[in-house]
Every structure is written in structure tokens, then in C-alpha cells.
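Here is a short report on a multi-chain model. Keep the sequence and the 3D view open as you read.

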Amino acid sequence: MKLQRHGILACLAVTATLALAACGSDNNTSSGGGGGASSGPSSAISCAQGSIKAQGSTAQGNAMTAWTKNYQSACGSATIDYTANGSGAGQQAFIAGTADFAGSDSPLAQADQPKADARCKSGAAIHLPMVVGPIAVVYNVSGVSGLQLKPATIAKIFSGKVTTWNDPAIAADNQGATLPATKILSVHRSDSSGTTDNFAKFLSKTAGTDWTYGNDKTWKAPGGDAEKGSDGVSAAIGKSDGTIGYVEWSFAQSGNLKMAKVGNGAGEYAELTGEAAGKTVASAKTAGTGNDMTLAIDYHTTTPGAYPIVLVTYEIVCEKGTPSSSLPLVKSFLTYTASADGQAAAAKVGYAPLPDEVRTKVASTVASLS
Amino acid sequence: MSQSPIAGPAETAPVTAGLAAPTDLGPTGPLGGGGGLPSRRRFGRESLFRWFTTASGAVVLVVIVAIAIFLIAKAVPALRADKANFLTYKDWFPDDPTNPKFGIAALALGTVEASVLALLLAVPVALGIALCLTHYAHRRVASALGFVIDLLAAVPSIVFGLWGRDYFYKPVQDFSAWLHRYFGWIPLFGSGGPYGKSVLLGSAVLAIMILPIITSLSSEVFRQTPKMNEEAALALGATKWEMIRMAVLPYGRPGLIASVMLGLGRALGETIALALTLGATYTFSIDLIENGGNSIAANIANKFGEASETGRGALIASGLVLFAITMVVNMIARLIVYRRREFIGSAA
Amino acid sequence: MTAAVANALEARRLPRWAPAATAVAAAALAYIVFALGGVLGGGPVLTVVGAVVFFLAGLALASGIVEGSRAARNRIATALIYSAFTLALLPLVSVVFTLVSKGTARLDAEFFGHSMRNIGPQDNSGGAYHAIIGTLEQVAIATLITVPLGTGGAIYIVEYGRGRLALAIRFFVDVMTGIPSIVAGLFILAFWVLIVSPHLSPDGLPFYSGFAASLALSVLMLPTITRSSEEMLRLVPVALREGAYALGIAKWKTIMRIVLPTALPGIVTGVMLAVARAAGETAPVLLVAGGGAGINFSPFHGLQNSLSIFIYDQAGSASTYAPARAWTAALTLVALVLTLTIAAKLLSRRNKLR
């Protein structure tokens, strides 16, 4: 009967699908033609065993992927799982005990710090700056490249005061360039994000008169196009003319988007490079007490060549009181990420390396975790 | 109880003589009858079966009550911290350390707007396809069509979201511009601004997503119409369409309403597709093509990752509101169905 | 329903070529009005839509005059029903075309045989094996939990329930259909992961698992299965049941041997719709299964990934190689669910009493 024949075919198809269970491997150490980012830092890693879980910021997602790859390639019996589902989710998971450490773009809120401390039973929860993520101002205007913008102009664009690309404010920043009369479509994030928070913080500190919306993880200014995730912003910029937005550097690179030069406190227009972003972080002051290394970024920095819009992602970890089953691997992994090799690996995938003095301080704090 | 079209079983004497009459004949179910003859073994299995089904039904109640308790427990602290009126305030800033204010006015209205529009777009098309599948199309075409509908059902919501954001976006934009140009005097199409993501885009994608649910279930319902009713109508000289109107649709109305309700439930709770295709603003307007639109579930998807304790509680409070909306909508639907059930021959 | 013609059997009929001729005339008219005349902006889309509208109007008019109003209504209904079919095809073709054209990029053995462990942002390799295993296991467990519960509950509502309990269950099942998937995930996170799982783990700490994801998916699948099964059971003719009772068959046996098999194709449709939805859910699974990068065959311990989480992660990742993986995973998911749906439907239709 036809039905029987079809039924058998269907059963075969289902069985084949299930037979997939027989073959499959985790062995991905050979990365072939992808230009494997690491040239064997394995000599510098002291391995630990076990498996740990971490959650948190999407901004440091790429860095974490590169780090886990390098660490796990060198230390086969270790597993580090980082789920990039947002700083808030990471903090909550850390407090609840389902994550061994959390990645967060902003420090714990005052109300949450005691809860995190309680999780660490015998110590406090500290913030260790680990990743410097520059925020790029990306744009897509046909016929325009090498755009330069002062913070005040950026504020005016994103708050809707400047509406066309040939506005005098933009022309003043770009002497001699021909700008079209296209309407500006500014793109921002629809979801809560640490990137929005830091970008808005930059605008409110450097262009306070033009940017009156303060800073929050949610975008507050009216108008513009809202996109979910940096991938959404990147896609929106890529496909429409006349758009401008803000994304992490790694997204600007992978989307091949043009980045604007931003005016810094020294009066120059700084191009986004790892070194330039590092200079801004080097001038930051430590706002935390004791081993806590929360940083206060100086967006007005007068260091020449510094790119001022940066975001620092912290790893929130217990100073004392990490469960003994996960402590060795947490320490070993964070030692790697805070090492020169680790930071160099992150620099290859769209981040700026931590300035040396910050890095050494972080490394010594990690060594003292217990 | 409906009339049984088959004469016979009720009038024939019991086949085996000498057995005692059943003791339990009270209507315990809509179809009456405690079942067969009282054999001890049968009663054992009978009660076991009945117990199992009752327990299964009760599980649903337990889960719902547990979810409701969970939602209320998590929402109350945030609601207490809210400095604005939760039901009438439109913006969403629960994580502001000094002045947390949030309200569901825009979100709830936006959810209802998007879902109702999606239903309006999807239901006529779904019913048309279901009728086509069961009564109009040649058998081979019908199975191909059924395959197509199954294919649509198999596509995950994130793919619809990405497709809507990257590909469907342009046609909708052009359509919005056209609507405004020629019908801009209707308040629904009043916005002349740059067209981005709007309620129209979100609802259209949502309609495409709930189409397979309504179509599949409706076609199953239509398939079950007794051939006798259909043939009787045709024998009386009805055209095909009249036959469908007289025999198929009324018989299937409760089933149809159930499938529409399931589609609506999916639409109300759709998270990721709407997060990608709605504009995520906190305003409400009946202007369908304006850049904006938001829904409770999409808001949860957007804000959850970065929310602190109060933020989470606020999002859960909005989930509670969605619960309430679903309850009201379903109550209305049940009322409509209850009135109709007496006229139909199905088991009620 | 006043017929314009006295005796329908003797009424004149439109000639067979009439619909085709009307179509041609409508197309020509639409071309003149929209394409050449530019009414309402013109353009190819408007021309096609205009042609369809003119066709319907012309057919209605011609049929009304020649055959009578009832026949006219019949023709219009038929035309509208066929056009509903075409309308649904358009977005579907677009979605499938997008899926296939973008999804074939990574259809290689590497993709189906490897996981994402040790894949860096600049590596072009890596695959979704761990995600496929995760989806299969999580959805299988969820189905095993919800199908008995859902059909059992539906049987109770239809066959046994008469009082307030049945009413309450029916009502709350409907309410449950509207739960946003992320709320279901949060509930399982709070209840299972944070409260129950520490008691189950050796070191007393809460842990994620694929089983928790199955529970979250069950919460989403249960109302759909219960509701659709309820409707399908109600559609079984009363006569069948009464016949069985009259022959002395016990109630439970009637349900199991007669009612359920009759309603089976419809119930299977409802189940596969729920399965399709569950396989495509991202948020709840991400919250409680964690989304690990390595292969994990155990749904009861350790992070698991799933195809939907994989798609979401890769779609939002900054790596240039990620979007290709996302689309191939999407294509895999659709193919998987489609295969299961068709298999289930084919197997269940053998029981139809037709």
C-alpha cells in the first residue's frame, strides 16, 4: 500500500535523524583556514581541571570566545562556558549562585552589592576590569568617508537637533568635505545595553548642554530607529544610506562599517585603534576600595591621541568564598585573561588591551583570590 | 443530547441475557452513561483510567496556580517600588536608582493592537486555505498544500523575526508610503515620517506566524464534518458555497473558535519575532504605519538581559498583566461558544 | 436568498471559457488603468491586485446576470478561497527562499559533525552537532511529558468532567496558551533550577540542565495539546460512542479503542504544532539550559545547547562567520521539524475511519 511505503520512508528519515547521535565530535582544535587567532600561548597557561560557568555582558562576548578557545585548546580537561545574555542576567546569576563569575559592563547597583557579598559567604564581591571595548560611531553615507565629529555634534545628531548631513554643525567639523543633503537616520539600541549606557554617559559628560537625557541602559532620546542587539544596529547601518549609529568595535569590524573620528579632550579627532582606546583607560581613576577595581573613565582625557568612547567590562568574582570545586579553574582562567598573552588575544578580535599598570594590578588581585 | 442518526443500538435488547443491569447510569459525562456492565475487573481499570485523566487535568490547574503565585511573588516588590501609576504610566525606567517609574499603558495597548491586527489579517486567509484544503482542492494539490502549511509551521520564530527585519521590511515600507499618500486622511495611516519598524510590520509577520496554527486545526475540524450533512445540503440544491455555509461552518464553529483562540494565544505571547520587528517605543497610537509599536512580551525580551532586581520584577509584573488580558479575551470567546453549542450536533 | 432565475436546474450557465475570458479582460483593464494610467500611483503590484479585483467584480457581474445571484456568490467564494491559497504562498516562498539560499552555505559534514567547542571568533569551522542533540533530547522529553498529560486532561474534560473542575480546567488551559515563552522560562528557572535542583546536585548548588528546558517547553506545549485534543475529541460523532456503550463496552475501553483512534489524526496535528513551536523557542531554553558550546548527551546534568539558542547566538554574534552558521542551523531546524511532522501525520492517518 502506498501509505505503508510512505510510512516506512518517513520512519527511515526519522531514524536517520536519530542516528546522527552516533557521530559527532567536540574535537575542533584544528581551525584550518580561519586564520587561527592564537599562535600557541599554551606555554604560558598553568592548567586547572573542571568546569565553570559564567554569564554576562554581550560586549565582551568575542573576547570570551577567543579566551575560552585558547584556554581549552591548551588545557583539554577544562571547560569554561560563558553565556552572553546580558550584564543584568549575569549579575543575577552570580547572586543566585548559578554562575561562578559574571561579566558586567557596569558595576553592581548599590542595592545589589550586599546580595553579591552574601553570595561570597566569607568575602566581598569585587570588580576586576578585564576587557576594554571601544565603542565605534559608525555611519553609512554615500560619498562620505573620513568623517570627523566633535562630541557636541554627535549629541546633536543623536538627539535629533541636526537632521541633515549637510548641516553647518557637521560641516564645521569636516572642513572642505562635500556633504550630501540626505536626511540623517540615527540608529540606537531597542534593548537594554551597557553599550548604550556608556555611550550616553560619554555624551552627557562631554556634551552636557546638547545631550540632556542622562545615561541609562535604555536609550532615552526620542526619534531615530531602534534595533535589537548590536547585530541589528550593524545590519540597519549597512543596508540604508544616511544612517549613523553606535556599536562595539568588533561589530564595526565584522560589518565593514565606516567609523567616525571622535574629538577628544586634547582637541584632536582621534581614530579608533586599540592603542588609542587604551590611552583613555590608562587615564582612568580607580573608584573602588580595597581589591575592588571599579574604574571611573575620564571622557575628557587630554592625553594626545586617545579615543574617548570606551566601555570597560568587569568580571565580578568573589574575593574570598568561591566554592572550592570551581576556585582553581576560575583563578587559572582569569590569570590567563589578565596576562599579556590573553590581552593580546583579545586585541586581535576587536578590543583594546588593558594598559599595563591596570593589567598587572588585576593579575595580582586574581592571584590573591581564595 | 443530540439525535443519533443511526437507529438501532438503543432499541436492541442486551445481547447476553442473565447479566445484571448496570447500576451506574447517571450522566457522569456529556455523553452520559457510566459505561458497561459491572464487572469487578472492569471497574478497577475504569476507576484507574478515570483517576489518571482527572489527575492530568488537575496538573494544568496546579501549574497555572504555581505560575500565578510565582508571578505575583516576584512582581509585588517591584510594584511597591514603582513611583508612577503602573496601569496608566507609559514609560519604562524601573532601574533608575532614585526614581523608578514604569507602567504598562503603552505596552498592554500595543500588545492588543498588534495581536488583533494579526488576527484580522490571518483568520480570513487561514479559513480560506482550510476550506480549500478540505473541500475544493484536488487530493494531490491538497496534500501539497498541507505540506506547505506544515513547512510554515516548522519555521522557528527567530527566523520570522530576522526575515521580517531584513527582507519584509522594504515592501512594508513602500506599502506604508503608498497608504499614506492615497489614504493618509484615515487616522490609521496618518504618519508621514520615515517608515521603519511599525505595528504594520510586526502584525504582518505575526499573522504569517499564526497562519499555520489556525489553518491546520481548522482543516482538521472541517474534515470531520459528517458527510451526511454535506450531502443533504447538496441534495436540496445548495451551491457548494451554500453547502459550506449551512453544513460545514456551523458544525465546526466551536473548533474554529478554539483554533483562532490558540492562534491568538500564540500572538499575544510571541516574544522574539516582535522584538525584532516592532519599533520598541513607549507610545501608543492607532497609527499603524508610524515608526514605533511595542508589546509586553517583546519588551521583556528587550529588557530582561540587562535588568536588575527591580527591573526583573517590573517585567514579571507586565507578564501578569498579559495573563489578565489573555483571561479576559478567553472569557469572551467562551461566552460566544457556549451560546452556540446547543445548535450543533457535536458532543457538548 | 432570492434567486434571479426561477428554476436553478434549468438555468443558463456561463460558458466554460467565461472565467478565462473575464481574467484576460480584467488583466487588460488593470493594465490600462494602473500601469498606463498611473491611477493611485501605478506600479506592477497595484496592476496585479487591480487585475484580481476586476476579475472578481467582472465574474460576479457576468454570473449574476446569466446564472443568478446564488451561483454568482458561489463563484466568488470559490475564487476568494483559491486566492487565499495564493496569498499564503507569497510570504512562504520568500521565507523558504531566504532560508535555503542563505542556509546552504554551511551544509557540510563539519557542521553536522562538530560542536562549537574551541571555536574562536575568527574561525570558520565549528558546527551545530551539540545543538541538534540538545533540541532532539529536550523536545523528546517535553513531548513525552505533555502528550499523556494533555490528552489525559482533554479526555477528562470531554468524557468525564461535568462540574466546576472541568470548567476551571478548560478556562485555565486557555489562559495558559497566552503565556509568553520567556515567562515560562523564568518560572522554571525560579522553581526548578533555583529551588529544586540544589537538592539534586552533589554539591548543593543550583545547576542548569536540558531537563529544565524540557520542563519549560512542556509549560508551553501543554495548553496547545490539551486544547486541540479537546476539540478533536468533541468532533468524534456521538453515535460511535453510543454504539459502543450499547454493545456493552466499558467507557475507558470505548475511549481508548474507538474515540481516540478516530480523533488521532487531529490530535497528532495539534501535537506536531506544539512540537514545532517548542523546537523554535529560544528564550526559555536559554534561561535554564545555559547554551553550552560542547557536546552534552545528558539532559539531566550540565549545560545543553539547542538549535534555537544556536541560531540566536550566531545571529547576534560579531564574528563574520557566524551568520552563515545561523542560517544553516535554521534550515536544519526546519527540515528536522518538517520530517517529524510528516512522519507523524503519515503514521497516524492509517487509522482514519474513512
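## Chain C: fold and shape

This is a predicted model. Chain C holds 13 helices and zero strands. Read from the N terminus, its elements run α-α-α-α-α-α-α-α-α-α-α-α-α.

How does the radius of gyration of chain C compare with that of a compact globule of 354 residues? The globule would come near 20 Å, but chain C has 27 Å. The C-alpha trace of chain C spans about 85 × 70 × 35 Å along its principal axes. Of its 354 residues, 59% count as buried. Take the contacts in chain C with a separation of 6 or more: residues 24 or more positions apart account for 72% of them.

## Helix α3 of chain C

Helix α3 of chain C covers residues 69-103, 35 residues in total. From its first C-alpha to its last it reaches 51 Å. That is close to the 51 Å expected at 1.5 Å a residue.

## Nonpolar cores

The largest nonpolar core has 301 residues. Within this core, C:I188, C:A212 and C:V288 touch the most other members. The element that gives the most to this core is α2(B), with 17 residues.

What does C:A212 touch, leaving aside residues up to four places away in sequence? Its partners are C:I188, C:W192, C:V193, C:V288 and C:A289. A second, separate core has seven residues, among them C:A26, C:A30, C:A51 and C:F55.

## Chain B against chain C

In this contact, 97 residues of chain B meet 97 residues of chain C. Several elements of chain B give two or more residues each to its side. They are α1 (40-81), α2 (105-136), α3 (139-154), α4 (157-183), α5 (199-223), α7 (240-269), α9 (296-303) and α10 (309-341). The largest share is 18 residues, from α1(B). By class, the chain B side divides into 61 nonpolar, 26 polar and 10 charged residues.

## Chain B against chain A

Chain B also contacts chain A, with 21 residues from chain B and 23 residues from chain A. On the chain B side, β1 (92-93), α8 (272-277), α9 and α10 each supply at least two residues. The element that gives the most is α10(B), with three residues. This side of chain B has nine nonpolar, six polar and six charged residues.

## Domains of chain A

The domain assignment gives chain A two entries: domain 1 (8-132 + 313-368) and domain 2 (135-275). Between them, 11 residues of domain 1 are in contact with nine residues of domain 2. The domain 1 side of this contact has five nonpolar, five polar and one charged residues.

Note on methods
Residues are numbered from 1 along each chain as its sequence is written. Chains are lettered from A and ligands numbered from 1 in the order in which they are written. This is a predicted model: local features need pLDDT of at least 70, side-chain atom pairs count only at pLDDT 80 or more; totals for chains, interfaces and linings use all residues. Domain bounds come from an automatic or database domain assignment. Two residues are in contact if their C-beta atoms, placed from the backbone, lie within 7 Å. Ala, Val, Leu, Ile, Met, Phe, Trp, Tyr, Cys and Pro count as nonpolar, Asp, Glu, Lys and Arg as charged, and the others, Gly among them, as polar. Helices (H or I, at least four residues) and strands (E, at least two) are DSSP runs, numbered from the N terminus. A nonpolar core is a set of buried Ala, Val, Leu, Ile, Met, Phe, Trp, Tyr and Cys residues joined through C-beta atoms within 7 Å. A residue is buried if 20 or more other C-beta atoms lie within 10 Å of its own, exposed if 12 or fewer, and partly exposed in between; C-beta atoms are placed from the backbone. The expected span of a helix is 1.5 Å times one less than its number of residues. The radius of gyration is taken over C-alpha atoms; the globule rule is 2.2 Å times the number of residues to the power 0.38.
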